[in-house]
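Please keep the sequence and the model open while you read this note.

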Amino acid sequence: MIEVEGLSRLYGSRLAVNDVSFRVEPGEIVGFLGPNGAGKSTTLRMLTGYLAPSSGEIRIDGIDAVRSSIQARERMGYMPEGVPLYHEMRVQEYLRHRGQLKGVPNITAAVDRCLELAGVADARTRIVGQLSKGYRQRVGLAEALIADPPILILDEPTSGLDPNQVRQFRELVRSFGGKKTVLLSTHILSEVDAVCDRVIIIREGQKVADLVPGDAETSLEEVFAELTTAGAAREAS
């Protein structure tokens, strides 16, 4: 479970995230949406311990993620936008290294498992820096899965994937339903419609919607446009 209460983050005088609260229940797959600059990545970095909040509370499986950051991170797999990888290492070498840092038991089996899940088993002996962007994205997904965490936080995970790879990714995420808690940030609304149980939308650092795809009378695309362009239209007037 992910629990967020009154989460805010200041950059100097700019309030990038403003009093955001939400919950993601165990086994739930939730889309986290917003236009560019809305505060999505900042929120995810706070959830995963890469940024400290200016105020508010974060609990990961009941663990206070601010006071007990390491214990909270042990419960999560995080795939950031623009996955940082060691480009000089071979894929399986990189995954073994990451698994060892995380204290993963039976590392050989764990590497084999996440290579298959992420669809990069055929590239296991290739050098990371020689892979296409789509393959590097999938190596990042494999790294997020290496410790078989109960919670996954994925930031733009299908960036650079071709249509077949996107379809495979959707099938993988759907397979986590009821098994892993997933918070998925993406700009691809059809992806959210296809895999998410619920959608949270933020604009200008504030939560503006928490809804179930398909429950609204209008499409998710129309709901998103209405909620996220209102502020821009108001500023322009």
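1. Two strands are said to pair if DSSP finds at least two bridges between them, and strands (E, at least two residues) and helices (H or I, at least four residues) are DSSP runs numbered from the N terminus. This is a predicted model, in which local features need pLDDT of at least 70 and side-chain atom pairs count only at pLDDT 80 or more, while totals for chains, interfaces and linings use all residues. Residues are numbered from 1 along each chain as its sequence is written, and side-chain values use heavy atoms, with hydrogens and water left out.

2. An open sheet is formed by four strands in the order E2-E1-E4-E5, with antiparallel pairing. Because strand E2 (14–24) and strand E5 (63–64) each have a single partner strand, they stand at the edges, and one side of each is left without a neighbour in the sheet.

3. Strand E4 (residues 55–60) runs antiparallel to E5 and is joined to it by two bridges, and Arg 59 stands opposite Asp 64 in E5.

4. The axes of helix H5 (residues 133–145) and helix H6 (residues 163–175) come within 12 Å and cross at roughly 15°, where axes are lines fitted to C-alpha atoms, for helices over the stretch in contact, and angles run from 0 to 180 degrees between N-to-C directions. That makes H5 roughly parallel to H6, a description used for angles under 35 degrees.

5. In contact (heavy atoms within 4.5 Å), Gly 134, Tyr 135, Arg 138, Leu 141 and Leu 145 of H5 meet Gln 165, Gln 168, Phe 169 and Leu 172 of H6.

Notes: Angles under 35 degrees count as roughly parallel, over 145 as roughly antiparallel, 65 to 115 as roughly perpendicular and the rest as oblique.
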